[in-house]
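I am keeping these notes while looking through one protein model. Each entry records what I looked up and what I found.

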Amino acid sequence: GGAVALAEVRLYERLFTVPNVNAEDDWLARLNPKSLEVVRGAMAEKAVGQCKPGDALQFERIGFFVCDPDSGNAGKVFNRTITLKESKEKAK
């Protein structure tokens, strides 16, 4: 039981807004401004606080994450590696 505060959770999305950036004239214009969202002060189950850098786990309904080497005394840092997206039909 109980919860532990994490230092931050990094939610990565696609780097580009188009599937084939090589087909574009200006690839810089196709950078996704929302390719990284940093959530500070996220909460997780107490056991998550025992993870070591490189440990992988699933945060329910959000995705798969890896404990980052930036983790330290200030708290754990997790990077999302794979998202879990529900279909629109399932969400209804």
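Predicted model: local features only at pLDDT ≥ 70, side-chain atom pairs only at ≥ 80, totals over all residues.

Entry 1, a cysteine. I started with Cys51 and listed its contacts, leaving aside neighbours within four places in sequence; they are Leu57, Cys67, Lys76 and Phe78. Contact here means heavy atoms within 4.5 Å.

Residues are numbered from 1 along each chain as its sequence is written, and side-chain values use heavy atoms, with hydrogens and water left out.

Which residues make up the largest nonpolar core? I found twelve: Leu6, Val9, Leu11, Ala42, Ala44, Val48, Cys51, Leu57, Phe59, Phe65, Cys67 and Phe78. At least two residues of this core come from each of β2 (8-12), β5 (56-59) and β6 (63-67). I wrote down that a nonpolar core is a set of buried Ala, Val, Leu, Ile, Met, Phe, Trp, Tyr and Cys residues joined through side-chain atoms within 4.5 Å. Buried means under 20% relative accessible area, exposed means over 50%, and partly exposed is in between, with a 1.4 Å probe and protein chains only.

I picked Ala44, which is a member of the largest nonpolar core and sits in strand β4 (residues 43-45). Is Ala44 buried or exposed? Its relative accessible area is 13%, so Ala44 is buried. Not counting residues up to four places away in sequence, Ala44 touches Gly2, Ala3, Val4 and Leu6.

I counted one helix and seven strands in the protein. Their order along the sequence is β-β-β-β-β-β-β-α. The radius of gyration is 16 Å, well over the 12 Å that the globule rule gives for 92 residues, so the protein is more spread out than a compact globule. For the terms, helices (H or I, at least four residues) and strands (E, at least two) are DSSP runs numbered from the N terminus. The radius of gyration is taken over C-alpha atoms, and the globule rule is 2.2 Å times the number of residues to the power 0.38.

Taken along the principal axes, the box filled by the C-alpha atoms is roughly 50 × 35 × 20 Å. I found that 27% of the 92 residues are buried. Of the contacts with a separation of 6 or more, 50% are between residues 24 or more positions apart.

I looked up Ala29, which lies in the loop between β2 and β3 (36-40). Ala29 has 51% relative accessibility, so it counts as exposed. Ala29 and Arg10 are 19 residues apart along the chain, with their C-alpha atoms separated by 23 Å. Lys34 is also in the loop between β2 and β3, and it counts as exposed at 66% relative accessibility. From Lys34 to Arg14 is 20 residues along the chain and 8.4 Å between C-alpha atoms.

The C-alpha atoms of Glu60 and Arg40 are separated by 18 Å, and the two residues are 20 apart along the chain. Arg61 is in the loop between β5 and β6 too, and is exposed, with a relative accessible area of 67%. I also noted that phi of Arg61 is near 65°, a positive value in a residue other than glycine.
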